[in-house]
Amino acid sequence: MSGAADPGVYSAPVTPDAEPTPPLGRVLVIIPAWNEQASLAATIADIRLTNPAVDILVVDDGSADRTASVAEAAGALVCRLPFNLGVGGAMRTGYRYALRHGYDVAVQIDADGQHDPRYLPSLLDRLDEADLVIGARFAGEGERYRVSFLRGLAMKLLAWTLTRMARNRLTDVTSGFRVANRRAAALFAAHYPAEYLGDTVESTVIAIRAGCTVTQVPVEMRVRQAGQASQTSLRAALYLARAVVALALALVRDWPDAELPAEEPREGS
Amino acid sequence: VSAPTILGIVGSVVVLVALFEMMRRHRLREKYAVLWFFVAMGVLALALFPDLLTGLAEIAGVAVPANLLFFMASLVLLVLTLQHSYELGRLEEKTRTLAEEVALLRLELTKLTAEQASEPSPDE
């Protein structure tokens, strides 16, 4: 979770995007952060350098370390949850903020620096045809990302099911690198599950069932320096079981009509 | 008067007194009190009229009446625990929503205070 790849080094931009800021309106990047003081400053600096037009909101998920002050010092807006709610709670807070302040696009980026913000413009570009765009690891770029058999099986199962549902190829639905337009953000501000894996898998299912178009863009993930992404076989088996449960629940759960909620009145102004 | 009868009466009376006392001190909400009240009354009825249990056991085809009692008791407890899990989940969801709201309000407050600090007051 520590030490994001040094933000100073940049090779040629991945997407030769002529326009500096695409005409998408106001973009809010939401970073859920729980005890991420080591990597957060670099992640924020990285986003500001590559995407100067976006606003950044760090949702401090009840951290015990200096996450909030590090984020403030780096120039981000900081929202402090009084106790740890998990990624789902942090993200719903972020979506609510985005909605209330009239943002047109809400972006999720992990605090540990594994998501390369240079890919953000290419994700934003796809919003012309989709409501939710996922930055996916297995879609061509970054092939060296290797996982154990069981974890791979879980991911294949998720990918297969959600691809059928979305009628769009989705290979990496557990990715926490995603871009939502106002429609999807409004949906997530009302319904965003708090359970483990629910935040990514189930939220995708909710979006699809509410009639949102979901698509993906291939991205290359940076190697997490200290992250141990559950690589022991016991953990992988547990991950598979959880994935199956999360998926099954998401499929049978009765979401309140999954209709788009009425827009909340904006604050201020 | 047989020993089981006294045991049953004492048990249900203890529960009823405890219920009354907790209600009096605002430690128990009515909706839960009603539930336990009926449980206590059931125990009392079975203690006072043991034939009720034997009769029920005969109807249900249970050879030993006590087994029917245990079965029903565990069923009641199971349903009650399930109901508590449900309530707990609802409370967690409410707490979560409140925590999110508090965090958002705190952010707005911080922004407002910062704005006010940067603006000079009009009468100076």
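In the predicted model, Arg209(A) is partly exposed, its relative accessible area being 36%. This value places the residue in the intermediate class because that class lies between the limits of 20% for buried and 50% for exposed residues. Arg209(A) belongs to helix 7 of chain A. A polar atom of its side chain is found 3.0 Å from the backbone oxygen of Ala250(A).

Tyr95(A) is located in helix 3 of chain A (residues 86-100), whereas Tyr192(A) occupies the loop between helix 6 (182-190) and helix 7 (198-209), so the pair ties together parts lying 97 residues apart in sequence. Tyr95(A) and Tyr192(A) are both buried.

Tyr192(A) also pairs with Phe188(A), in an edge-to-face arrangement with 5.1 Å from centre to centre and 90 degrees between the planes. Phe188(A), like Tyr192(A), is buried. Together, Tyr95(A), Phe188(A) and Tyr192(A) make up one aromatic cluster.

The contact between the two chains was then considered. Chain A contributes 21 residues to this contact and chain B contributes 13 residues. About 1500 Å² of area is buried between chain B and chain A, with 57% of it given by carbon and sulfur atoms. Nine residue pairs in polar contact, both members at pLDDT 80 or more, are counted between chain B and chain A. The count of salt bridges between chain B and chain A is five. Among them is the one in which the side chains of Arg92(A) and Glu93(B) meet, with a distance of 3.3 Å from N to O. On the side of chain B that touches chain A, the residues comprise seven charged, four nonpolar and two polar.

Terms used
Residues are numbered from 1 along each chain as its sequence is written. Chains are lettered from A and ligands numbered from 1 in the order in which they are written. This is a predicted model: local features need pLDDT of at least 70, side-chain atom pairs count only at pLDDT 80 or more; totals for chains, interfaces and linings use all residues. Side-chain values use heavy atoms; hydrogens and water are left out. Contact means heavy atoms within 4.5 Å. Buried area is the accessible area (1.4 Å probe) that two parts lose on being put together, summed over both. A salt bridge is a side-chain nitrogen of Lys or Arg within 4 Å of a carboxyl oxygen of Asp or Glu. A polar contact is a pair of N or O atoms within 3.5 Å; within protein, one must be able to donate a hydrogen and the other to accept it, and residues adjacent in sequence count only if both atoms are side-chain atoms. Ala, Val, Leu, Ile, Met, Phe, Trp, Tyr, Cys and Pro count as nonpolar, Asp, Glu, Lys and Arg as charged, and the others, Gly among them, as polar. Helices (H or I, at least four residues) and strands (E, at least two) are DSSP runs, numbered from the N terminus. Buried means under 20% relative accessible area, exposed over 50%, partly exposed in between (1.4 Å probe, protein chains only). Rings of Phe, Tyr and Trp (its six-membered ring) pair if their centres lie within 6.5 Å; planes under 30 degrees apart count as stacked, over 60 as edge-to-face and the rest as tilted.
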